[in-house]
Amino acid sequence: MPKRPSAEAEAFYIAVYETVQRIPPGKVTTYGHIARLIDAPQNSRQVGSALKYLHDAPQAVNGNAADLNDESDWQDFFHLFNNETVPWWRVISADGKIAFRARGAMDEQGHRLQAEGVDVRNDAHSRPRIIDLREHGWFPRPEDEESDG
DNA sequence: CTGATGACCATAT
DNA sequence: CATATGGCCATCA
């Protein structure tokens, strides 16, 4: 069970997750791009930390939440954001390679991308196309956009 | 508090 | 193209 982050860090994580959720299937972007979108251009590494956090999250939280006694908010957190609801596999390094080098994780990310038609061989032969969420109108969220003028 | 670490990035060689 | 280096900043021992 991962330790609950500070309120400030949690807000950052949520911003990362909600932004990553706007990457369409079959498309990929980078850690740095996500960081810039959420107005934290210096925190690309922390974007990776946020995604790693999903990996540490309890997968069975939807079924058994016995361990989560008096922290219902904490349960809701992983109920909303987990390995299946946040497409972490669509985030790669700026050089077009998979950055997740933990045991087996690289293969899993490759498989998930392959299933969406993205070819990532982790070499220069076929670099996936990195998209900019803003250019495609996928960010910011229309509902969050302010209109002061 | 200090020092080490990490799913990063840009630049240099 | 691959490796090395400096910078970055939150997290952890």
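Helix 5 holds both Arg 112 and Glu 108, which sit four residues apart, about one turn of the helix. In this predicted model, their side chains meet in a salt bridge, at 3.1 Å from N to O. Glu 108 counts as partly exposed because its relative accessibility is 30%. Glu 84, Glu 108 and Arg 112 are joined into one network by salt bridges that share partners.

With a relative accessibility of 52%, Glu 84 counts as exposed.

Now for another pair, Arg 90 and Glu 116, which also forms a salt bridge. Arg 90 lies in the loop between helix 4 and strand 2 and Glu 116 in the segment after helix 5, so their pairing ties together parts that are 26 residues apart in sequence. Arg 90 counts as buried, at 8% relative accessibility, whereas Glu 116 is partly exposed at 24%.

The structure holds five salt bridges, including these:

| Salt bridge | Closest N and O atoms |
|---|---|
| Arg 90 and Glu 116 | 2.7 Å |

Finally, a look at another arginine: Arg 45 is found in helix 3 (residues 44–56). Arg 45 counts as exposed, with 71% relative accessibility. Ala 35 is ten residues from Arg 45 in sequence, and their C-alpha atoms are 8.6 Å apart in space.

Definitions and conventions:
Residues numbered from 1 in each chain as written. Chains lettered and ligands numbered in written order. Predicted model: local features only at pLDDT ≥ 70, side-chain atom pairs only at ≥ 80, totals over all residues. Heavy atoms only, no water. Helix = DSSP H or I, 4+ residues; strand = E, 2+ residues; numbered from the N terminus. Buried < 20%, exposed > 50% of the residue type's maximum accessible area, 1.4 Å probe, protein only. Salt bridge = Lys/Arg side-chain N within 4 Å of Asp/Glu carboxyl O.
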